[in-house]
Amino acid sequence: MFLEIVLAIILGIMTGTITGLVPGVHINLISAIVLSSSLFLSNLISPIILMIFIVSMAITHTFLDFIPSIYLGAPDPDSVLSILPGHDFLLKGKAHSAILYTLYGSLLALPIILIFTPIFIFFLPPIYEHIKTVIPIILILASIFLIFQEKNSKVWAVMIFLLSGFLGISTLNLHLQQPLLPLLTGLFGGSSLISSIIKKQKIPKQQLVKIKITKKQLSRTIYSASLSAPIFSFLPALGANQSAIISSQIIKNPSQEEFLILLGIINTVIMALSFITLQTISYSRTGAAIAIHQITESLSKEHIILILLTVIVSGIISFFLGKQISKIFAHNLVKINYKKVSITILAFLTITTIYFSGIIGLLVFITSNFLGLFVILLGVKRTYLMGCLMIPTVIFYLL
Amino acid sequence: MSLKKLKTLSLIISILGIFTLIILNLTQQPKEITTNQIQNLTDNNYVKIQGQLKESKIFDNFQILTINDKEGKFTTILFSEQQFQKNSSLTIIGTIQTYKDQKQIQAEKIIENVS
């Protein structure tokens, strides 16, 4: 059994590395494949081993998905906002530093997960029923808060929030396969790539600078993440992105470095605690946790201990793996033609969209790309584009 | 093309795209299927199927309905408190979902057919 567990963790890390690094390949997709083969696999492998594989893959993914987001501007839905401060670091030749900040953030998430797991097990179930009734109000307040953060044009912020809301509602009601793939990839990934192709962006030589995290930065981000990340782990529609923006308001004037650490913490905390919320409140916001639920039915104390051990082991390995992979990216980025890479990734995302979501998915992808591009050219924050998930979720809870 | 023109063009294309998607939403029709076809369809396919209610299990916030038609039986999940008589003829509109390697229909709407 021990050998099987070790193998499952290693395989999970390898698969999580692929999903984290290849734009458009999300863990939900691999989880769905594992789930659809679970009946066949259950004859060969125990469900616990499949569970460990999924946990290991999901945690590795949260450590590594910032690498394509920051180096190539092609994020997956969980790391869309890292491209904003991350792109700034890239243009200063310090993308590796940005990756290190997110990696340290994800590593800091591990003790937070350990602390909040028993709290979630004992205290969340009795209060969740009350929280559930105020979820739409929380989301509406969060939307108003995010819009009021806009300094350039609040009118455009509202317009973009509403337009992306309409886009989200119409996409999610189209019964597409993987509807979030064309929607979020277009709004955040494809549009960034088009923008850098149009602007003929030159990427400077990347330096491997050692980063400095002061005790003050560390305590501010841990304090802010501990207060907010566990709450966001069971709130729908507010992803790691918005959560990081709202969390960063807890500390005054967060620096870009603090924001990246915060994003790393939140991304990993949300993923790990989603495995726990599924057991305690029968709700989860991640596809990986839902796949585990379908494989194992219910989680025992032993399962939860195994999940936590897998989170810690794969998290620590992914931290060092992420550092090495980022160095390889930093060394080789100037050697490649960034425009050609952007065009290749854009073509890959288009093909992935057609494969999974069909021609109507392509229409969603094109529309999302242009809406994302409009927002970039307008110069307002791209976070309002998350109206595409927030508005449909509020409507779902209210109706 | 100047960035200003591109900005305007991007806004126009995105509004036209959203408008087209809304029209597609309003005009989309579920595909009429029978039990045999369920296993061959991919998840999220929007379908319409008729059958007779054989069994219903009611849980906290959902029901599991077993429906029969001429070709066999299938499972439907319904997230509502709507109740039906055993053996009543139903038209189910919903999406195909896979649960434990088995296809089932997540009902969006169930209409009781009056004979």
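**Two chains, step by step**

User: In chain A, what share of the contacts with a separation of 6 or more comes from residues 24 or more positions apart?
Analyst: This is a predicted model, where local features need pLDDT of at least 70 and side-chain atom pairs pLDDT 80 or more, while totals for chains, interfaces and linings use all residues. Residues are numbered from 1 along each chain as its sequence is written, with chains lettered from A and ligands numbered from 1 in the order written. Two residues are in contact if their C-beta atoms, placed from the backbone, lie within 7 Å. Among chain A contacts with a separation of 6 or more, the share from residues 24 or more positions apart is 81%.

User: What is the radius of gyration of chain A?
Analyst: Along its principal axes, the C-alpha atoms of chain A fill a box of roughly 55 × 50 × 50 Å. The radius of gyration is taken over C-alpha atoms, and the globule rule is 2.2 Å times the number of residues to the power 0.38. For 399 residues a compact globule would be near 21 Å, and this agrees with the value for chain A, 20 Å.

User: How many helices does chain A have, and how many strands?
Analyst: Helices (H or I, at least four residues) and strands (E, at least two) are DSSP runs, numbered from the N terminus. Chain A has 17 helices and 0 strands.

User: At roughly what angle do H7(A) and H13(A) cross?
Analyst: Axes are lines fitted to C-alpha atoms, for helices over the stretch in contact, with angles from 0 to 180 degrees between N-to-C directions. The contact of H7(A) with H13(A) has 24 nonpolar, 9 polar and 1 charged residues (nonpolar: Ala, Val, Leu, Ile, Met, Phe, Trp, Tyr, Cys and Pro; charged: Asp, Glu, Lys and Arg; polar: the others, Gly among them). The axes of H7 (95-133) and H13 (256-281) of chain A come within 6 Å, crossing at roughly 35 degrees.

User: Is Lys199(A) buried or exposed?
Analyst: Lys199(A) sits in the loop between helix H10 (180-198) and helix H11 (215-232) of chain A. A residue is buried if 20 or more other C-beta atoms lie within 10 Å of its own, exposed if 12 or fewer, and partly exposed in between, with C-beta atoms placed from the backbone. Lys199(A) has 11 other C-beta atoms within 10 Å, so Lys199(A) is exposed.

User: Which residue, with a positive phi, follows H14(A)?
Analyst: Helix H14 (287-296) of chain A has buried residues Gly287(A), Ala288(A), Ala289(A), Ala291(A), Ile292(A) and Ile295(A). After H14(A), with a phi near 65 degrees, comes Glu297(A).

User: On to chain B: why is chain B called more spread out than a compact globule, and what is its radius of gyration?
Analyst: Chain B has 2 helices and 6 strands, and its C-alpha trace spans about 65 × 30 × 30 Å along the principal axes. The globule rule gives 13 Å for 115 residues, and chain B is more spread out because its radius of gyration is well over that, at 20 Å.

User: What distance separates the centres of the two domains of chain B?
Analyst: Chain B is divided into domain 1 (1-30) and domain 2 (33-112), with bounds from an automatic or database domain assignment. Taken over C-alpha atoms, their centres are separated by 35 Å.

User: Which element gives the most to the side of chain B that touches chain A?
Analyst: In all, 25 residues of chain B are in contact with 26 residues of chain A. The elements giving two or more residues to that side of chain B are helix H1 (3-27) and strand E5 (89-99) of chain B. With 14 residues, the element that gives the most is H1(B).
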